[in-house]
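Hi everyone, thanks for making time for this. I'd like to walk you through one structure today, so let me put it up on the screen.

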Amino acid sequence: MSKTALQFLLLGFILVLAQVIVFNHICIFNVAVPMVFIYLIVRLPITLSPNWVLTISFFLGLIVDIFSDTYGMNALACTILAMVRRPVLRLYVPREEDLTRPEPSMQSLGTAVYMKYLLTMTLIYCTLIFLIEAFTFFNPLQLVLRILFSTLLSMILMLGIDAIMTPRSEKRL
């Protein structure tokens, strides 16, 4: 097993553990719930086969579902997120040759493009998960507030994780 695969395996284990033990129990003002485990899907290498990305994303969501008692909602949302990952990246980086590294990061995409990519992916995931959870438009204002504030909180936390994960030699902005 390569060093990168082991790093992603360890990162996935830590993120799922943190999500299940800590972040699932945080709900700020009854609207903002951080969803940081999707950071693994966001950071998967572009060169990875779409079949592997879908499989990894499904099982990542399924593991969170098992420990969160959410009956497949995260598995569905993570699988859809994995499907839209490459098209979303193509919105901001038209040619994959423009990437300096196969892994989307601030270093390979640049700060502005990476922030847009991270925001879009987080917004898509939060929209999916809260629409699946509500399965109704009974209280649209509450739904929109949950989507927006959870996206904002998740993105801030994922940027913090990204700052921790990036080696010192790459932190040249």
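Let's start with Leu62, which is partly exposed, because its relative accessible area is 28%, and that falls between the 20% limit for buried and the 50% limit for exposed. Do keep in mind that this is a predicted model. Leu62 sits in helix H3, which covers residues 50-68. From Leu62 to Leu143 you go 81 residues along the sequence, and 23 Å through space, C-alpha to C-alpha.

Leu143 is buried, and other buried residues of H7 include Arg146, Met155, Met158 and Asp162. What covers the buried residues of H7? The cover includes helix H1 (3-21), helix H2 (39-43), helix H5 (106-109) and helix H6 (111-134).

Now to the part I enjoy, the charges. How many salt bridges does a search of the whole structure find? It finds 3.

Let's take Arg43, in helix H2. Is Arg43 buried or exposed? At 7% relative accessibility, Arg43 counts as buried. Glu103 forms a salt bridge with Arg43, and their closest N and O atoms are 2.3 Å apart. That pair links distant parts of the chain, since Glu103 is in the loop between helix H4 (73-92) and H5, 60 residues from Arg43.

Arg43 also meets Asp162 in a salt bridge, at 2.3 Å from N to O. Asp162 lies in helix H7 and Arg43 in helix H2, so this pair ties together parts that are 119 residues apart in sequence. Asp162 is buried too, as is Arg43. Put together, Arg43, Glu103 and Asp162 are linked in a network of salt bridges.

The side chain of Arg43 also makes a polar contact with the side chain of Tyr39, at 2.7 Å. Leaving aside neighbours within four places in sequence, the contacts of Arg43 include Phe8, Pro104, Ser105 and Tyr114.

One more salt bridge to show you: the side chains of Glu133 and Arg146 meet at 3.2 Å, N to O. Here Glu133 is in helix H6 and Arg146 in helix H7, 13 residues apart. Glu133 counts as partly exposed, because its relative accessibility is 41%, while Arg146 is among the buried residues of H7.

That's my tour, and I'm happy to take questions.

Note on methods: Residues are numbered from 1 along each chain as its sequence is written. This is a predicted model: local features need pLDDT of at least 70, side-chain atom pairs count only at pLDDT 80 or more; totals for chains, interfaces and linings use all residues. Side-chain values use heavy atoms; hydrogens and water are left out. Helices (H or I, at least four residues) and strands (E, at least two) are DSSP runs, numbered from the N terminus. Buried means under 20% relative accessible area, exposed over 50%, partly exposed in between (1.4 Å probe, protein chains only). Contact means heavy atoms within 4.5 Å. A polar contact is a pair of N or O atoms within 3.5 Å; within protein, one must be able to donate a hydrogen and the other to accept it, and residues adjacent in sequence count only if both atoms are side-chain atoms. A salt bridge is a side-chain nitrogen of Lys or Arg within 4 Å of a carboxyl oxygen of Asp or Glu.
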